[in-house]
Amino acid sequence: MADVAAFNLKKTLKNNTMIFILIAVMLFFQVLIVGFGKGSLFAPSNITNIINQNAYVVILATGMLLCILTGGNIDLSVGSIVCLVGAIAGILLVHLSLPVGVAVVVCLIAGIVIGAWHGFFIAFVHIPPFICTLSGMLLWRGVALLFLKGNTIGPFPQNYMNIFSSFIPGSYMPDISGIEDDAAYFAAEASQARFIFTVTLVVALLCVAVIVAGNIFTRVAKIRKGYKVAPLGMFAAKLAVLCGITLAIGILLGMDKGIPSVLIPVAVVVLVYAYYTQNTVPGRYLYAIGGNEKAARLSGVNTEHVMFFAYTNMGFLSGLAALVCAARFNSAAPTAGQNYEMDAIASCFIGGASAYGGTGTIGGAVIGAVFMGILNNGMSILGVDANWQRAVKGLVLLLAVIFDVVSKKRRSTK
């Protein structure tokens with residue numbers, strides 16, 4: 001019995017290595033930031049800042065994972081697509097003053113069309129993804145610069161900003177700036193703060209309830225089908241940690257301005273694609289192709305259609321990321337999207353995706369994106385030079401890939 005418990009503990013630690021590393025890095029930065037008198041990594045305003053800064057990374061990493069699953073393939077064009085779609089959004093919303101809904105739909109369609117362009121040449125003409133998306137990186141950046149003519153377009157309409165760059169319910173509270181009496185002003189401000197905290201806490205509790213119900217339902221379903229599940233104690237401990245983190249984030253956001261509205265599209269993307277990759281047949285095809293493309297084809301999988309979908313989908317999510325970035329910066333700029341593809345790729349590999357394809361989860365990609373965000377935020381607060389930040393991120397990515405390669409070799413020799 002002791003051997004079984006030790007085995008389960010070892011397996012649990014192995015499966016959640018990245019989570020433990022993420023927690024250790026967060027605590028490391030917290031100690032340094034507090035020690036140097038720079039504030040706190042867990043300050044409510046900084047948690048909000050981390051979410052807003054890394055929303056696009058989570059969206060892009062989700063799409064990039066689907067490409068990587070098909071055999072370690074990557075899409076180098078996503079940063080240029082973000083720039084181009086952002087430029088289109090600026091032209092439609094600022095110059096042409098089109099309705100926000102129309103502009104958003106057009107931008108998403110533009111992303112889909114660009115992704116389908118790559119998907120066609122990769123899936124049906126069989127051009128290597130690296131070459132095809134490298135050409136796309138140059139092509140779409142050039143088109144974006146032609147659209148922008150070297151200028152920055154902005155500011156964007158407020159109703160557009162409310163979709164991607166506001167707070168719930170913070171941005172929708174009554175304006176109290178006109179209250180002249182100091183006592184009345186502070187009373188109104190305190191009342192608004194209490195309301196924001198209450199609403200955010202209620203939402204966090206609802207999320208906790210969904211997490212608990214979802215995990216219990218999944219566990220019961222696996223038991224009924226005869227699958228092996230983690231011991232009840234470990235399951236309860238993992239669930240308690242997830243709920244505790246969710247509740248803590250909700251409390252911290254409630255102490256600031258509320259829930260960033262960008263969390264809504266991010267959460268929808270993560271949940272939909274997590275379900276798609278783990279619980280649908282087309283989603284499992286991605287893993288099958290990454291595991292052995294020839295065997296998948298002989299088994300009846302239409303590998304060309306799956307590859308076409310993966311890159312078309314990457315274009316769609318790049319378009320969504322462009323809308324998020326345009327709202328965050330309140331402008332469309334020629335420099336937008338630079339190195340975004342590197343952040344997305346690094347997030348996937350750090351989160352456990354295999355450089356050979358066939359291995360990886362949406363949850364892992366999200367953890368990788370959060371890890372990258374914490375690295376960026378922590379080093380920025382400490383005043384680390386930007387060049388050193390790039391060097392550290394490059395080293396972390398290299399270590400993640402080395403770990404994957406070494407682990408795969410060890411498994412193959414057993």
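## Residues with positive phi

Asn 339 is partly exposed, with a relative accessible area of 46%, on a scale where buried means under 20% relative accessible area, exposed means over 50% and partly exposed covers the values in between, computed with a 1.4 Å probe on protein chains only. Helices (H or I, at least four residues) and strands (E, at least two) are DSSP runs numbered from the N terminus.

The model is predicted, so local features need pLDDT of at least 70 and side-chain atom pairs count only at pLDDT 80 or more, whereas totals for chains, interfaces and linings use all residues. Residues are numbered from 1 along each chain as its sequence is written, and side-chain values use heavy atoms, with hydrogens and water left out.

Lys 149, in the loop between α6 and α7, is likewise not a glycine and has a positive phi of about 55 degrees; its relative accessible area of 68% makes Lys 149 exposed.

## Packing of α3 against α13

Helix α3 (residues 44-69) and helix α13 (residues 303-329) pack with their axes 8 Å apart and at an angle of about 175 degrees, where axes are lines fitted to C-alpha atoms, for helices over the stretch in contact, and angles run from 0 to 180 degrees between N-to-C directions. The two helices are therefore roughly antiparallel, the term for angles over 145 degrees, while those under 35 count as roughly parallel, those from 65 to 115 as roughly perpendicular and the rest as oblique. The contact residues divide into 16 nonpolar, 6 polar and 1 charged; Ala, Val, Leu, Ile, Met, Phe, Trp, Tyr, Cys and Pro count as nonpolar, Asp, Glu, Lys and Arg as charged, and the others, Gly among them, as polar.

Of the 27 residues of α13, 20 are buried. This helix reaches 39 Å from its first C-alpha to its last, close to the 39 Å expected, a span given by 1.5 Å times one less than the number of residues. Asn 330, which follows α13, has a positive phi near 55 degrees.

Trp 117, Phe 120, Phe 121, Phe 124, Trp 140 and Phe 308 form one aromatic cluster; rings of Phe, Tyr and Trp (its six-membered ring) pair if their centres lie within 6.5 Å, and planes under 30 degrees apart count as stacked, over 60 as edge-to-face and the rest as tilted. By this rule there are 11 aromatic pairs. One of them is edge-to-face, with the rings of Trp 117 and Trp 140 centred 6.2 Å apart and their planes at 80 degrees. This pair links helix α5 (residues 100-123), which holds Trp 117, to helix α6 (residues 129-148), which holds Trp 140. Trp 117 is partly exposed at 44% relative accessible area, whereas Trp 140 is buried at 12%.

His 118, also placed in α5, is buried with a relative accessible area of 0%. Beyond its neighbours within four places in sequence, His 118 is in contact with residues including Asp 75, Cys 132 and Trp 140.

## Cis peptide bonds

The peptide bond from Gly 154 to Pro 155 is cis, with omega near -5 degrees, and Pro 155 is found in the loop between α6 and α7. Another cis peptide bond, with omega about 0 degrees, joins Ile 168 and Pro 169, and Pro 169 lies in strand β1 (residues 167-169).

Definitions and conventions: Contact = heavy atoms within 4.5 Å.
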